[in-house]
Amino acid sequence: MQKSENKSKLTKFLDAALSLKVTIVALAMLMVLVVACTLAQVDMGTNGAVNAYMRSFVVWWKPTGQNFSIPIFPGGTTVGFVLGVNLIASQLRGLARTWAKLGLWLVHIGLVLLVTAEFVSAALQVDARLAIEEGQTVSFVERPQEFELAILDTSDPKLDDVYGVPESLLKGGGTIAIPGTPLSLRVHAYFKNTELGRKAEGDPPTMATMGVGTGVTVKEAPPVTSDDEHNRPATFVEPLAAGKSYGTWLVSAAMGAPQAFVHEGHTYQLSMRPRREYLPYALTLKKFSHDVYPGTDIPKNFSSLVHLVDKPAGEERDVLIFMNQPLRYAGRTFYQASFGKGDTLSVLQVVENPGWLLPYISCALVTLGLLIHFAMGLRRAQRKRQRQAAAAQNA
Amino acid sequence: MKRIDDTSKNTKLARYLPWLAAGVALIGAVSGLFGSGQVRNMDVQRFAQLPVLEGGRVKPLDSIARNSLLVIRSQQSFRYNDRTVNADEWLLDVLFRPEVADDQPLFVINDPDVLGLIGIKQSAERYFSFKTLVPHVDEIQKQSEAAHPIDAKQRTRYQSAIVNLFERLYLYHRLKHTMQIAGSEGGLAQEIKDVAAPGADERQNALRELGLFRALPGVKVSDWRSVGEALRDARAGQPLDKGLAPMARVGDAWAKQDAPAFNAAVAEVLAMARPEELRAAKSELSFNLAQPFYSGMVVYVLALLILFVSWAYKPALLQPVAFAVLLVGVFIHTAGLTSRVILQGRPPVTNLYSSAVFVGWGAVVLGAILEWMYRKGFGTAVAAASGFASLIIAHHLAADGDTMEMMRAVLDSNFWLATHVVTITIGYSGTFLAGAIAIGWTIRKHVVKDPDPAAGKALVSMAYGIICFAVLFSFVGTVLGGIWADQSWGRFWGWDPKENGALLIVLWNAIILHARWGGYARDRGIMAMAIFGNIITSLSWFGVNMLGVGLHSYGFMDKAFWALVAFGSTQLLLIAFALLPRRFWHRGPGPIAPHAPAA
C-alpha cells in the first residue's frame, strides 16, 4: 500500500512536471525575461543585463533609494531548469516511443542539448584577449575583466621571473607568501574599482608609506557594469622579507609605470595588470591587414597573419585569422576582434569553451526532427484531404 | 464556393480572362523599359549607362543620379517648367550646367524650425532651389555643426532636420565638383588645357577632395581615378588620362545643348569603358528602369482589388483572374529579386531594405502555394496584401541611397548571408503570413453573413501549417546565426538584441503550437495568437534596431518608431476583434458556433 501511494505521488509529480501547461508558462516567462533583458541592455550593458536576467535564479528589483532588493521574477537559470525538467519528463512519460514521434524526439533531444550548451558556456566559458604588435611574439592571453598583482624579478636581464597574485587572494587580505621568492605580501586594503586623484590638502591620510602612492588619494568607485568600461582596481600592500618591511605601497591598474624595491640584490617590480594566462605555445604576428573598399572607408576585411610555434607538440605553421575564420587550437579559439596603433596592432579575442560543439549538434538534430515531424504531418493532412475528396465524390 | 462553372456560357471567357488579365498586367509592368531615353534629341540614357566607381562598387551613372536625387528630393524625378525632369537629365545639369540645376526646386524641407531659420514661413511649398538656400548656407552649416556631435538617437527633431539638410547640400556640392569646378569658365576642357598652369593645383585638389565618384576606369577596382586625381597625375608628369578629353566634350556639348556633338561624345566615352563593366552597368540600368518592386506593388494592389470585387460579383469568374494577376506580381517580384542577386553577386538579403523585399517575397510565394492548394481566394488575399505591405516598407527604406551598398567586414560572407539571413527572413515571412491569414479569418468572421464553416476550418489549418513552417525556419535561422556568431565573435549566444528578437519569434510560435497540441487554444485562440506574432516579428525585425545597442545595430532607424507603434496598436485591435463573439459585429440569425476560451 505504502509503496503504491508513493508511486502515485511520484506519478502526480511527473504529471505536473510534464504538463504542457508548464511548458507554455515557462516559455512565456522566458519571453518576458528576454524582452526585459533586451531593454535593460540600454542602461546596464549586455553583460550586466544578461547576469541580472538570464544567468540568475531570481530577478531582483531594488526600489529607488532603498537598500534592499525584493525578488520579483524567476531568473533565466530557474526558467531554463524548469523547461529542461519539463522537457525530459514529457519525453520520458508523455511521448510514445514510436516511429511516428521520431521527429519530436529528435527536436526535444536537440533542445535539451541546446539548453545544456548554454549552461555549459555560462559556467565554463573563459574569455580572454591577446594584443599583439607586428613582429612581436606573445605566449600569454589576458583576461580584461580580471586583474592580478604582478611581482616581477627583473634582476636577470635575459629573463623576468613573474609571480601573479590573483584578485581573489587580494580580496581575502592577510599575508600571502610568494612562492619561489623570500617575499611575502601583507594586504592592507583592496578595492575592485577606484578613482585616483592627486592628494590635496585636507584629504585623509593615505596608507601608503612608499612610492607614488604617498601623493595620491584613492576613492572607491562602484564596479562597472557596461561592457566597454573596465574596472581600475587598487591595493595597498606591504612586502615583507626576512622579517623586514619594505613599506606600504599603493599598486593600481590606473598607474602607468611599475614601482620597484630591492631585496638582497633582486629588483622586484610591483604592478596591477589584467590577469595573464600563459600558453604552452607562442604566436608571432607577421602582418596585420585592414582592407577597405576602394574610394570609401567601409572596411572590407581585417586579417592577421600569425606564426604559431608549439615546440612540445612539434607544430610550427602560419595561420591567417580573419573575419568569420578563427584559429581553433588546443581548446582555445582565436578571433580577429580589434586593431590599433595605425594598423600595426592586432587584438584577438580568445575563447575557451568546452561546449562549443554542442549547438552545432543540437541544430542538426532539431532541424532534422522538425523536418521529419512536419513532413509526416503534411502527408497525413494530404491523405485526409484526399479521403474527404473521395468521400465527397462518392456521395 | 464552386470552381469555374462549366455549364455557364461564359466558359470561354472564364478560361481566357485570367490569361488576358495576366498579359495586360505584365505588359503594364515592363512598359518602363521602353522609352526613347532622349532629352531634346540627346541620348541622356545612353550616357547614364557609363560605369563609374562610387561607394566601393562599379555602377552606372544612372544609379548615382537616382540615389542622389532620392536623398536630396525624396523622389527619382520631378516636374520643372511644365515638364518632367528625370534623374539622368538632372545629374547632367548638376555636373555640367550647375546654373540650371541651382534654379530647380530640389531640396525638400518639411521641418518648420528649419524653414524658420532660412526665413520662410511654412506653406504648401516644400521644395527649394539651391539658389534660394545659398544665402543661408553658412548658418545651416553652423547649426548643423552644433548638432553634429550629439548622438543621432539623442537629437531633437530640429537637430536631425538641420543635420540632414546640410548633408544633402553637401552631397549636391560634391556632385557639382566631380567633373569640373562648378561654374568655372570653359569647364573640364579648360581644366585640361591649364593642367600645368600656376594655381591649377588648388583647383585639382578641390576636385580630388569633393568629387563624389571616380569616372576614369582602371585595371583593378582600386585603380579607378576621379577627374581631380587624373588631372593631378597629369600635372605630376604622367600622360593625360585618355578618358578626360571625351568627358570634357560631353560636358561642353551638354552645356551648349548641342545634340549631335553630345551624342558623338557620349559614344566616345562609352567606347573607353571596359566591356564587362559596361555590360553590368547596362543591366543595372535596365533594372533601375524596370523598377520591378514598384510595378510589383502596383500589380499586387490590382490583384487585391479584383479579389475584393470577386467577393461581391461573379466570384467564379473573377477569383481565378485575381490569382493570375497575383502570379504576375510573383513573377515580377521574383525577377526583381533575382536581378538584384545577380547584379550584386550576393544572396538576396544584405540589408534592411532587401530584407523587406525578401520577407514580402516569401509571404507571397507561400500565399500563392496556399491558393494553389485551397482555391478559395484567401491565399490570393493574404499574399497580395503582404506583398504590397512589404514592398511599401521597402520603398520607404530605400530613401537612404544606394540599396546595394558594400558589406562591412564581418557581413562579407556569402555563405552566412545565404544560410542564416535567408532562413531567418523566411521565418519572418511565415510568421507574418500566418498573422495575415488570422487577420483575414477575423475580418471574415465579423463581416461575412453566412460563413461557410469549411472555409473557416481551411483558414485555420492554413495558419497552422504556416506556423509550423515558420517555427522550422526561424529556429534554424536563429541557430545558424548563433553558429555564425561563434565563428566570428567567439560566442554562440550573446543575448544580443537582434538574437533575442529572433528567439522571441521562435518562442512565440512554439507557444502557439504547444497551446494547440495541448488543446488550450482552439481556432479563435490560435488566430489571436497568430496576430500577436505580427507584433513580435515587427519588433524583432525593426524594433531592436531602435535600441541602438549590440553588434547587430547595423540598420539604425529613428523615423519608424511611431509607424511601429501604430502597427502594434492595429494588431492589438484586431486581436480584440478576433476574441469578440461573432454577433458583436454582425447581428445575423443563425447559431453561433461555440468557441473554446482562448488560452
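Predicted model: local features only at pLDDT ≥ 70, side-chain atom pairs only at ≥ 80, totals over all residues.
Let's start with confidence in chain A. Its average pLDDT is 83, and 95% of its residues score at least 70. Within that chain, helix 1 (residues 2–18) has the lowest confidence, with a mean of 64, while strand 16 (residues 315–322) has the highest, at 90.

Now for the domains. Chain A splits into domain 1 (2–124 + 357–394), domain 2 (128–136 + 279–352) and domain 3 (144–277). In chain A, the centres of domain 1 and domain 3, taken over C-alpha atoms, are 48 Å apart. For chain B, the assignment gives domain 1 (44–275) and domain 2 (460–587 + 594–599). The centres of those two domains of chain B, again over C-alpha atoms, are separated by 44 Å.

Next, take a look at helix 24 of chain B, which covers residues 561–579. This helix has 19 residues and spans 27 Å from its first C-alpha to its last, close to the 27 Å expected at 1.5 Å a residue. Its buried residues are B:Leu564, B:Gly568, B:Gln571, B:Leu574, B:Ile575 and B:Ala578. Looking down the axis of helix 24 of chain B, you'd find these buried residues within an arc of 120°, so they line one face of the helix. On the face turned away from that buried side, helix 24 of chain B carries the exposed residues B:Trp562 and B:Leu573.

On to the aromatic rings. Over all chains, the structure holds 25 aromatic pairs. Here are two of them, both in chain B.

| Pair | Centre to centre | Angle between planes | Arrangement |
|---|---|---|---|
| B:Phe47 and B:Phe262 | 6.3 Å | 65° | edge-to-face |
| B:Phe323 and B:Trp372 | 6.2 Å | 50° | tilted |

What does the pair of B:Phe47 and B:Phe262 tie together? B:Phe47 belongs to helix 2 (residues 44–47) of chain B and B:Phe262 to helix 14 (residues 259–272) of chain B, so this pair connects parts that are 215 residues apart in sequence. Both B:Phe47 and B:Phe262 are buried.

The other pair also joins two helices: B:Phe323 sits in helix 17 (residues 315–344) of chain B and B:Trp372 in helix 18 (residues 352–374) of chain B, so the parts tied together are 49 residues apart in sequence.

In chain A, A:Arg328 lies over the face of A:Trp356, at 3.8 Å from the ring centre. In chain B, the charged end of B:Arg516 sits over the ring of B:Tyr464, 3.8 Å from the centre of that ring.

One last stop is B:Gln75. You'll find B:Gln75 in the loop between helix 3 (61–73) and strand 3 (77–80) of chain B. Its relative accessibility is 29%, so B:Gln75 counts as partly exposed. B:Gln75 and B:Gly183 are 108 residues apart along the chain, and 26 Å separates their C-alpha atoms.

Key. Residues numbered from 1 in each chain as written. Chains lettered and ligands numbered in written order. Heavy atoms only, no water. Domains from an automatic or database assignment. Helix = DSSP H or I, 4+ residues; strand = E, 2+ residues; numbered from the N terminus. Expected span 1.5 Å × (residues − 1). Buried < 20%, exposed > 50% of the residue type's maximum accessible area, 1.4 Å probe, protein only. Arc of directions from axis to C-beta. Phe/Tyr/Trp six-rings, centres within 6.5 Å; stacked < 30°, edge-to-face > 60°. Lys NZ or Arg CZ within 6 Å of the ring centre and 35° of its normal. pLDDT = per-residue confidence, 0-100.
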